[in-house]
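Hi,

Here is the structure I promised to pass on to you.

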Amino acid sequence: MITKTPKKKRQQKQGMLDNVMRQFNHAADIIGLNANIRKILEVTNNELVVHFPVRMDNGEVEVFTGYRVQHNNALGPYKGGLRYHPTVDIDAARALAMWMTWKTSLAGLPYGGAKGGIQLLPSKYSQSELERITRRFTYALGDNIGPELDIPAPDVNTNPQVMAWILDTYMSTKSPNERSKNMHVVTGKPLGVGGSEGRDRATGFGVFLNIKFWAENKKVDLKGKKFIVQGFGNVGYWTAYFLEKEGAILTAVQDAFGSVYNEDGISVEKLLEYSQANKGSILGFADAQAIENKDFFGLDCDICVPAALGNQITAENASSIKAYLIAEGANGPTDVEAEKILLKKGIDIIPDILCNSGGVIGSYYEWLQNRNGEIWHLEEVMEKLEKKLRGSFSRVLKTSKERGVDMRSAAFIIAIERLEQAYEQRGIFP
Ligand code: NAD
């Protein structure tokens, strides 16, 4: 049966792939990327689509569609998250996998890029159904993932618990003396099963650090600055947590259920407590007023952190934005047309492949610990993360100044040049 995707959804999905390709081509043109290497990088290496049956709590069977797209592994094993969301499809997975390749390359990690997930709305399913869906998906992926081949991690609507189910299922398919060698098949695991200290906050901490480095460079004091956050999940919450600790004031939040606003400030911890007790929704939070979703991005503030889905800042709402800094916690939140408008208005954008790279760097530290049988302390992880991100931020800023380009183009240039060098040195088999 062929099902039709509603027009708006279709535009958003096509938009993500179109966006990442336009970003890539723009940077490739600036550096005059070797035409043969461009041909390799503009397509994905492998694309896996699996349909698998799962028994529901009521005894009925439902068939799900899962995806894993492996874009490139010239620098190391494929790496990237698994998303559980109705918008997951092959184009979304392709776009997000490509962003992962640029992100890991920019961060100087020994990884390539991948992404995947299942097209579903998790809130429709019980915890035990989600467990069976996850385990059966892992089984369907089989040896297309692996600790030295392709290493998934959490993304939208997946969390350490989901990673633990993947780990357990994957390890259960191995012979007993092989099992513990496979601990690093996923990252973002709970601490009790090989997770790393600090991985929970790594992405949000990284978004915060990038904002801090930007502020240091611009000689802006973050104390008292107002910020708004779209998405109050892993990335949105931890970003808000660290910004609030620095003295900045959270004035508005939007999540999948709606938007809330208080110009005098919203307590990050109180909002977290409320949403946890309210099935993950911020709606109805007593210390803020509900506002229309369409008014969110136009709110008066200094910093805007999109930390939910792709294509949220578009030509439709870009000109209403009042923030002077956009720090992209999400992947692909700003489309190319919106970016042109924002840059013209003099708004700075810390691009996703830099801004949210703390997550994959934290995942790399978890992978290294599992691989080497080590356990690092929280302070050690956070220090390493800060040092690495400072290096990335400085490189992007330097390239942006030297080339006279915006930060996204600079970040793409660094990422693509590293891949170009790898291909030039290795050559093409056979
Ligand atoms: P999450 O599932 O923990 O949280 C997602 C949040 O977004 C929730 O608050 C949800 O209500 C909200 N949301 C969903 N649909 C929305 C909509 N249409 N409008 C507004 N809000 C909406 O997910 P996460 O892990 O925090 O990921 C958020 C973004 O950050 C994604 O783009 C993801 O790819 C990116 N990212 C995540 C990580 C990570 O380590 N988790 C790393 C890098 C990038």
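Two housekeeping points before we start. This is a predicted model, so local features need pLDDT of at least 70 and side-chain atom pairs count only at pLDDT 80 or more, while totals for chains, interfaces and linings use all residues. Residues are numbered from 1 along each chain as its sequence is written, and side-chain values use heavy atoms, with hydrogens and water left out.

**A strand and its partners**

Start with β7, which runs over residues 249-255. Helices and strands here are DSSP runs (H or I, at least four residues, for a helix; E, at least two, for a strand), numbered from the N terminus. Of the 7 residues in β7, 6 are buried; buried means under 20% relative accessible area, exposed over 50%, and partly exposed in between (1.4 Å probe, protein chains only).

Strand β7 pairs with β6 (residues 226-230) in the parallel sense, over 5 bridges. Two strands count as paired if DSSP finds at least two bridges between them. If you want to find this pairing on screen, look for K226, which stands opposite I249 in β7. Together with helix α7 (residues 234-245), β6 and β7 make a right-handed β-α-β unit. Right-handed means that, with the strands pointing away from the viewer, the path from the first strand over the helix to the second runs clockwise.

Strand β7 also pairs with β8 (residues 258-261), this time in the antiparallel sense and over 4 bridges. A hairpin of 2 residues joins β7 to β8, and V253 stands opposite V260 in β8.

**Salt bridges**

How many salt bridges does the structure hold? There are 27, where a salt bridge is a side-chain nitrogen of Lys or Arg within 4 Å of a carboxyl oxygen of Asp or Glu. The general idea is that side chains of opposite charge can pair when their charged atoms come close.

Here are a few to look up:

- E178 and K181 form a salt bridge, with their closest N and O atoms 3.2 Å apart. E178 counts as partly exposed because its relative accessibility is 30%.
- R390 and E216 meet through their side chains at 3.2 Å, N to O. This pair links distant parts of the chain, as R390 is in helix α12 (residues 378-403) and E216 is in helix α6 (residues 199-218), 174 residues apart. R390 has a relative accessible area of 34%, so it is partly exposed, and E216, at 42%, is partly exposed too.
- R22 and D18 form a salt bridge with the closest N and O atoms 3.7 Å apart. Both lie in helix α1, 4 residues apart, which is about one turn of the helix. R22 is partly exposed at 32% relative accessibility, and D18 is partly exposed at 41%.

Salt bridges that share partners also join D18, R22, E337 and K340 into one network.

**The second largest pocket**

R22 turns up again here, as one of the residues lining the second largest pocket. A pocket is found on a 1 Å grid over the protein atoms alone: it is an open set of points with protein on both sides within 12 Å along at least five of seven lines, whereas a cavity is a set of points where a 1.4 Å probe fits but cannot get out, and lining residues have an atom within 4 Å of a point. The space in this pocket is about 240 Å³, a volume being the space filled by probe spheres set on the points, which are joined across faces, edges and corners.

K340 is also among the lining residues, as are H26 and F412. Helices α1 (7-31), α9 (336-344) and α13 (407-426) each supply at least two lining residues, and α9 gives the most, with 4. By class, the lining has 3 nonpolar, 3 polar and 5 charged residues. Ala, Val, Leu, Ile, Met, Phe, Trp, Tyr, Cys and Pro count as nonpolar, Asp, Glu, Lys and Arg as charged, and the others, Gly among them, as polar.

Helix α9 also holds L342, which counts as buried because its relative accessibility is 0%.

The structure holds 2 cavities of 30 Å³ or more.

Happy browsing!
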